[in-house]
Amino acid sequence: MGKIPQEPPHFVIRDELTRLRRALERSRVAVVVTGMRGAGKTQLAAACARADFDSGRGLVGWVNAETPETTLSGLAEIAERLGLADAEGDSVVSSQRLRDHLSGSTDPGLLVLDNAADPDRLRDLLPTGGSTRVLITTADRSFSALGEPIDLTGFARPESVRYLGNSTGLGDDGGAEQIAEDLGNLPLALSAAAATIVGRRLDYAGYRQLLHDHPLPKALQRSAGHDYPRSVVQAILLSIDTTEAGTNDHLLDQRVVWLLGAMAMLSSGGVRRTLLPDTFGRIDEALDRCVAGSLLSWSTAGDTVIMHRLVARVLRERAQSLPVVGRFGRMVRAYRGRGGRDRVQLVRYAFAVILPNLFDPSEAWARRDEGAHLVDQIDALWDTEMTDTSPRSYAVAMLAARRWAVTQLISAADTARAITLAQDVVIHSARVLGPDHPDTLLSRHNLAEAYQAAGRLDNAIALYQENLTDNRRILGPDHPGAIQSRNNLAQAYQVAGRVDDAIHLHQANVAEASRLFGAHNPDTLNIRNNLAMAYQAAGRLDDAIALYEATLADMARLLGKDHPETLNSLHNLAHAYGSVGRLDRAIPLHETNFAERGRVLGPDHPNTLTARNNLAEAYQMAGRLDDAIALYEANLVERLRVFGPDHPDILAARHNLAYAYQTAERPAEAIALYEANLVDSRRVLGPDHPQTLLTHGGLAYAYLSARQLDKAIALHETNLRDRLRVLGPDHPYTLHSRNNLAEALRAAGQYKRAIPLYVANLADSERVLGLDHPDTLNISNNLGGAYHAAGLFDEALALNQTNLADCQRVLGPDHPRTLNSRHNLADTYRAVGRVDDGITLHEANLAAYERVLGDNHPDVRTSRRALAITFRSAGRFEEAIALYEKNVTSWEQARGHDHLFTLISRDELAAAYLAAGRSAEAVALCEAMLTQSARVFGTDHPVTDKVRESLAVAHQAIRRRIE
């Protein structure tokens, strides 16, 4: 993995190669090869890498570590190939996960960090153990603190002489040793000398004379002598001049000059051949000439062209020494045989590689590997600092390319790198264009978007607020840019849970857009859709549904029913209906959306697969579990075929299927799927990814449903710690996690731990989300349930009454959370002796459930059972028995005669018979159940014991009556 250089012609196997291999075998951390540029460090490391690759020993990774950005990009690429990358694309997270994986790996491997420049940054990315050997090449000797150092000074003199003799065909007539002396035995300089000797058909003496007579440009004179002998720079420049020298093929000569100039400005890690334009069909010939001149080389895969950093530096400094001329001057320069190009031309050459290859942001995720490579080229061109000294139009084009790089990194979810780059772009955009230029405002927007993608909502909101103020001041309040800026801020508010602020801004946007564009303009319709989403997030579902319905009708009329925006609007309306429990409206809409997306987009399109998932969720909510599971299973198969096994959508699809199994009372299948998904989520996404934390919570909930309470509590505790660490105490997901832990503790009867947790969570939710937020209402309802379970009926009654009133006011009388709140209050009324009040509420609840969900939904059976229990408490046994009998029939239809819940429902009916004095019927039912339970579950099963106990109680009641 990575761009390992090919073995060059006449490669010299040096004594240091043996030393290096021995050092790698005994090293526990890293081996550091140091030395000046051109000493052959990279080729020595490449020889090790090629040997390991040929032997098939395991991982061989090659990373261009010249900058922090290329280091992270290279490590992230290896992480992705190993299935370790952050699914959101963050290169920092991916690099850390690769480090952790290699630290514990027992598989052999070699990781090369070539041309490293920053030991402090690199230290934290190195594995701390494991069987992977790390090899660092660098010109900075301070890296020696990271591992065993091997200092490379160049070839030994006999190696230099042997190389020159073999590569030139001149052998050793004494002149080779003198040239080696002149060039300090540096492999790069010797390679350049050999290419010049062959290219100009010189002997050793002729080359030495040429080397002595060849002048250096002033810029090169100033830099030469610091790290290298003057003759080394001369040797490289002679090789460049030889390769660029005019021939009878003028077009090819031009392409060679262009190629060298472009490569000097681009990434030292290499440029993919596919990026190089071939306008005149001569690029391959130009590449061959430059490779023959030892100025370029190929990666081992043969897909990437590499220029040595010192060669690039010489080309750039030669360009700096030439005066900038216009088109006529360039023609004269070329006519006179002066192949060099000035700095402006080199910038133009690099742009010719970069700009035509920048693709549309909609392709960012699918082409994220290509995008990361382009970002490396953009960074390299910027680092030359030559765009700053070019005409202003070039500086503006450079800023545009860097803005593209920011949006590419955000879309590919490499947020850490995106933020660093975006911050720098904002600074330079303000300097070059001015703080009020539209592109500066766009750069600031990109930085805010990067912050938001990274979860740094406070930073994002501050920038969005600043941008909105500036957009309104500069562009005017009626400019579309101001409307878009307000929308961006509203979206950030909504993500942060500040839904009232979001609604206020969206309402202002709808009014402005309606006035400027018209109420039925497509842009206005999208803004209305955003307002409806904010209403839904705030629990104002009637407002949301009304707006969704109106928007859908307008979109269908204006855009057509098959337009993607119309289909999205249809989905939003269906989801809103489902969220209020109006499944009779939600399911037909989801069915239509699934069918239409399949017809318009095709069965494999991601939006079609999403539509199938949403339909399955609606079926699950309606209690049609067999239909839901069939769709979830089909969706998982299709997504595996389309995306492959490790795609994040596969993990989400498997999670949804596990939850459906859990709802269908198939706990073993649910737990097995959650456990497998958690392992894969940690491997593919990392332990801190939101999907991993969600799967962690799902497994905990499955354990809770299976009454494995210790496991459930332990997992919920871990999940809460992780979310506190990753997301912070005020994130909505953290509040969810704390609620889930309290629920598990309550189920285990640990009320002294559960209730303080609920109380703290309710206070935080009221502070962060507001008193009327749906999540706050849910936490309040759960706290009331915990008070009830703990026998604190006064506290439960007061809180449940308040909660029901709030749910009815905010969510409406038929919302699922309102029905659940009414259920809890009714149970509390029964517990405090207000049985008639409890019956009234339970009857209202059952009627609402049956109206919305039908007769056989699990929630309907639960409501029916609660009313039956309350009837028994009031001594209204026959009414209770009728409800129990209806539940038995419902369970038999839904789960079959032998299902556990069917048996439990019959046991409850038997108890009701007994309470009503119908002892004979109770005995007959218990005897039948005992035979059935022994057959289905076994004679020693706890369920069978429970039925046996119920039968004994029934017989005892008959004996008492006889006595």
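Mentor: Two strands pair if DSSP finds at least two bridges between them; strands (E, at least two residues) and helices (H or I, at least four) are DSSP runs, numbered from the N terminus. The model is predicted: local features need pLDDT of at least 70, side-chain atom pairs count only at pLDDT 80 or more, and totals for chains, interfaces and linings use all residues. Residues are numbered from 1 along each chain as its sequence is written, and side-chain values use heavy atoms, without hydrogens and water.

Trainee: How many bridges join strand 6 to strand 8?

Mentor: Strand 8 covers residues 304-306, and strand 6 runs antiparallel to strand 8. The number of bridges joining the two strands is 2.

Trainee: Which are the edge strands of the open sheet?

Mentor: The sheet has 3 strands with antiparallel pairing, in the order 6-8-7. An edge strand here pairs on one side only. That describes strand 6 (271-272) and strand 7 (297-298).

Trainee: What distance separates the C-alpha atoms of Leu-164 and Arg-585?

Mentor: Along the chain, Leu-164 and Arg-585 are 421 residues apart. The separation of their C-alpha atoms is 83 Å.
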